Amino acid sequence: MATDYDAPRRGAEDEDAESIEEVKAAAATKKSQSPEVDEDETLVAETFELPGADLSHESLDITVIPQQPDEFVCSSCFLVHHHAAAVQPGATVCRDCA
Ligand SMILES: [Zn+2]
């Protein structure tokens, strides 16, 4: 038996008496509707655009400076530090990682 969701709601007593077949039918109805819902969600996702998300026309205007002679790469965090940030002179571990 299909459930008419537009019909006025029955009393609580009647709902308690609902048979397992009615519950199964309601679940099947719900299941058959789900692909349609997924389709709508996909359509929404395809048409949805974040404001400013298209950065294809943007260019990177940051100048990348290679490692300088007075800098070292920490062997633990792999960040480039000035030699003054080393634990000891000549060490390859920064103070943050020591
Ligand atoms: Zn480090």
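Modeller: A strand here is a DSSP run of E of at least two residues, and strands are numbered from the N terminus. The model is predicted.

Biologist: Where is the place of aspartate 96?

Modeller: Aspartate 96 sits in the segment that follows strand S2, which spans 80-82.

Biologist: What does the secondary structure of the protein come to?

Modeller: There are two helices and two strands. Along the sequence their pattern reads α-α-β-β.

Biologist: Which residue has a positive phi although it is not a glycine?

Modeller: Phenylalanine 78 does, with a phi of about 60°. Phenylalanine 78 belongs to the loop between strand S1 (71-73) and S2.

Biologist: Why does phenylalanine 78 count as exposed?

Modeller: The count for phenylalanine 78 is 9 C-beta neighbours inside 10 Å, and therefore it is classed as exposed.

Biologist: What share of the residues in the protein is buried?

Modeller: Burial needs 20 or more other C-beta atoms within 10 Å. Of the 98 residues in the protein, 3% are buried.

Biologist: What share of the contacts with a separation of 6 or more comes from residues 24 or more positions apart?

Modeller: Such pairs account for 7% of those contacts in the protein.

Definitions and conventions:
Residues are numbered from 1 along each chain as its sequence is written. This is a predicted model: local features need pLDDT of at least 70, side-chain atom pairs count only at pLDDT 80 or more; totals for chains, interfaces and linings use all residues. Helices (H or I, at least four residues) and strands (E, at least two) are DSSP runs, numbered from the N terminus. A residue is buried if 20 or more other C-beta atoms lie within 10 Å of its own, exposed if 12 or fewer, and partly exposed in between; C-beta atoms are placed from the backbone. Two residues are in contact if their C-beta atoms, placed from the backbone, lie within 7 Å.
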